[in-house]
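Here is a short briefing to read alongside the model. Have the viewer open and follow the residues as they come up.

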Amino acid sequence: MKRACERWEPMLSRYLDGELEEREASTLQEHVRSCDACRAELQSFRELSTLLASHVESDPFFVARFRARREELWGGNGSLQLWRRLAVRLLPLAAAAFLGAAAAVWLTMEETGLAELEARQLGDGFLMAAEEGPNPVLQIAFEPFPGGEH
Amino acid sequence: MESDEQVLARFLDGDERAFEDIVIRYEAGLRNMAFGFVRDWSLAEDIAQDTFLRAYQKGGTIKKGGSVRAWLYRVTINRAQDELRRIKRKRETALDDHPAAAEQQGQISGESLAASLELRRHLRRAFSRIRPEHRTPLLMREVEGMTYAEIARILGWPLGTVQARIHRARLELRSMLGKLRGMDK
């Protein structure tokens, strides 16, 4: 069998699978009409598809085996479903409660942190300035009055 | 026809039998997908069954708006790859092509039993000989009719890779089948 055209051959699968843009598909279709090699190639792909589809067959007893395994694992149809339904309903509530608690803890820590920072700024300006290095603004702000207390 | 997501919603709402609709829809595809990796029908059956049991147990975790089909295939592929890693023995290329097994696979119409069984055997052999990275996307396309984009999403591949591999799979399969049937291009 003559080989399909080098330009069009890579597009044949995409064409068969409906994956080409409309314009591309139309151009390819036009070409296939006049090219024996590409037409034959496309036809062989179609036959392969049909063959593959017939090769894959349903097993009518698969569901029965599934049912048997399910019952073996979880008994009748009651308990797992009940737990699942409870979980589906309670999970969002539990998640919201957790987030709320987490947010409360975070905010508390933030406030504590801010309070501490403010305390340091107000009461410990010398230390802060010393830790962070010379900072003219801070030094001026926190330097005690010469010869006296704040 | 009801969408998979609608069926799943019914199941999560308490309709036990609804889940079996999902099983019926996808058992052939998942079994064949698993077989493509492990090349053992019995093991492929186990993998497919396990996938459905997991879906049955964890159905609620399939993201709302997510694809049930994609989830099933992803789990099956992961499981099959795990099994493949565990398997030590060298595979025979003569697969499960025992005539009895072939008969169990389904109805054969319009051809003599012998010719049909032989074709089926050739097809399985040919399919098993093409590379797994080509075989997998071709199966997903041919069996489930997935789009290339869906296949790319499930397998985590670029779209161009899916396109190229499906095309190569067809070329390889045709060539292999031709050789086995005593005909070649």
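Predicted model: local features only at pLDDT ≥ 70, side-chain atom pairs only at ≥ 80, totals over all residues.

Residues are numbered from 1 along each chain as its sequence is written, chains are lettered from A and ligands numbered from 1 in the order in which they are written, and side-chain values use heavy atoms, with hydrogens and water left out.

**Fold of chain B**

- Chain B has nine helices and zero strands, where helices (H or I, at least four residues) and strands (E, at least two) are DSSP runs numbered from the N terminus.
- Of its 185 residues, 51% count as buried; buried means under 20% relative accessible area, exposed over 50% and partly exposed in between, with a 1.4 Å probe and protein chains only.
- Among the contacts in chain B with a separation of 6 or more, 62% join residues 24 or more positions apart, contact meaning heavy atoms within 4.5 Å.

**Nonpolar cores**

- A nonpolar core is a set of buried Ala, Val, Leu, Ile, Met, Phe, Trp, Tyr and Cys residues joined through side-chain atoms within 4.5 Å.
- The largest one has 57 residues, and B:Phe19, B:Phe52, B:Leu72, B:Tyr73, B:Met140 and B:Leu173 have the most contacts inside it.
- Helix H2 (residues 18-38) of chain B gives the most to this core, with eleven residues.
- Another core lies apart from it, with 14 residues, including A:Trp8, A:Leu28, A:Cys35 and A:Leu42.
- In soluble globular proteins, nonpolar side chains tend to be buried together.

**Where chain B meets chain A**

- In this interface, 47 residues of chain B are in contact with 36 residues of chain A.
- The two chains bury about 4200 Å² between them, 57% of it on carbon and sulfur atoms; buried area is the accessible area (1.4 Å probe) that two parts lose on being put together, summed over both.
- The rule finds nine salt bridges across the interface, each a side-chain nitrogen of Lys or Arg within 4 Å of a carboxyl oxygen of Asp or Glu.
- B:Arg174 forms a salt bridge with A:Glu41, and the closest N and O atoms are 3.2 Å apart.
- Helices H1 (4-12), H2, H3, H6 (113-129), H7 (132-144) and H9 (159-180) of chain B each supply at least two residues of the side that touches chain A.
- H3 of chain B gives the most to that side, with nine residues.

**Residues to click on**

- B:Phe52 touches residues of both chains: leaving aside neighbours within four places in sequence, its contacts include A:Phe62, A:Phe66, B:Phe19 and B:Leu72.
- B:Glu27 is in helix H2 of chain B and is buried, with a relative accessible area of 2%.
- Not counting residues up to four places away in sequence, B:Glu27 touches A:Ser58, A:Asp59, A:Phe62 and B:Phe52.
- A:Leu28 lies in helix H2 (residues 22-34) of chain A and counts as buried at 0% relative accessibility.
- A:Leu28 and A:Leu12 are 16 residues apart in sequence and 8.2 Å apart in space, C-alpha to C-alpha.
- B:Arg39 has a positive phi of about 55 degrees although it is not a glycine.
- B:Arg39 sits in the loop between H2 and helix H3 (41-58) of chain B and is partly exposed, with a relative accessible area of 22%.
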